[in-house]
Amino acid sequence: MKCPSCHHNGTRVLDSRPVDEGRSIRRRRECERCHFRFTTFEKVEESPLIVVKKEGTREEFSREKILRGLIKACEKRPVALEQLEEVTRQIERELRNSGMNEVKSETIGEMVMERLSTIDEVAYVRFASVYRQFKDLNVFIEELKELIKKEQGERA
């Protein structure tokens with residue numbers, strides 16, 4: 001590792017600790033020549049996960065976009081941010097463990113809705129109404145009926 005101050009190639013590690021829930025390592029280093037101290041981060045390089053949108057365009061997977069959608073759906077609801085972050089991590093982990101390089105945005109939307117339905121029904125309906133772009137009230141009512149049927153099936 002080159003020293004950012006004097007560009008000497010010899011540095012030593014003073015301290016290492018896991019960060020980002022164990023997905024990265026933070027290292028405190030010192031240059032052997034000028035004794036300048038600096039921090040580096042080491043993390044596993046993941047292969048890119050591409051999301052195929054409804055209209056056929058492709059973009060790189062963004063956990064931040066999922067989290068923003070969850071936060072918006074859960075606005076003014078009794079749902080902790082940590083719970084939404086965990087849902088986001090679960091979805092990303094499941095997608096990356098599937099071994100696929102590309103995933104349809106519909107698949108991600110369904111995964112989000114599946115998890116939201118168990119966390120908060122109002123947030124689920126909010127997310128579904130935007131995600132499914134209900135054309136009229138009847139389609140919206142049908143979605144609510146499905147949710148009620150699912151709820152009653154879990155109670156039985």
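**Before you start**

Residues are numbered from 1 along each chain as its sequence is written. Because the model is predicted, local features need pLDDT of at least 70 and side-chain atom pairs count only at pLDDT 80 or more, while totals for chains, interfaces and linings use all residues; side-chain values use heavy atoms, with hydrogens and water left out.

**Stop 1**

**Stop 2**

Select residues 11-19, strand E1, and residues 24-31, strand E2. Helices (H or I, at least four residues) and strands (E, at least two) are DSSP runs, numbered from the N terminus. E1 and E2 run antiparallel and are joined by eight bridges; two strands count as paired if DSSP finds at least two bridges between them.

Glu30 stands opposite Arg37 of E3. Five residues lie between the strands of this second hairpin.

**Stop 2: two histidines**

Select His35, in the loop between E2 and E3. Its phi is near 65 degrees, a positive value in a residue other than glycine. Is His35 buried or exposed? His35 is exposed, with a relative accessible area of 51%. Buried means under 20% relative accessible area, exposed over 50%, and partly exposed in between (1.4 Å probe, protein chains only).

Go back to His7, in the segment before E1. His7 is not a glycine either, yet has a positive phi of about 70 degrees. His7 is exposed, at a relative accessible area of 54%.

**Stop 3: Arg89**

Select Arg89 in helix H2. Arg89 is buried, with a relative accessible area of 19%. Which residues does Arg89 touch, not counting those up to four places away in sequence? They are Glu21, Arg23 and Glu82. Contact means heavy atoms within 4.5 Å.

**Stop 4: the largest nonpolar core**

In soluble globular proteins, nonpolar side chains tend to be buried together. A nonpolar core is a set of buried Ala, Val, Leu, Ile, Met, Phe, Trp, Tyr and Cys residues joined through side-chain atoms within 4.5 Å. The largest one here has 25 residues, and Leu95, Ile108, Val112 and Leu116 have the most contacts inside it. Select helices H1 (63-73), H2 (81-97), H3 (105-119) and H4 (121-131), each of which supplies at least two residues of this core. H4 gives the largest share, six residues.

Centre the view on Ile108. Leaving aside neighbours within four places in sequence, Ile108 is in contact with Val51, Phe61, Ile66, Leu95 and Val103.

**Stop 5: the largest pocket**

Select Lys53, Lys65, Ser105, Phe127 and Tyr131, which lie nearest the centre of the largest pocket among its 22 lining residues. Strand E5 (58-60), H1, H3 and H4 each supply at least two residues of the lining. H1 gives the most, with six residues.

How values were computed:
1 Å grid on protein atoms, 1.4 Å probe; cavity = no way out; pocket = protein on both sides within 12 Å on 5 of 7 lines; lining within 4 Å.
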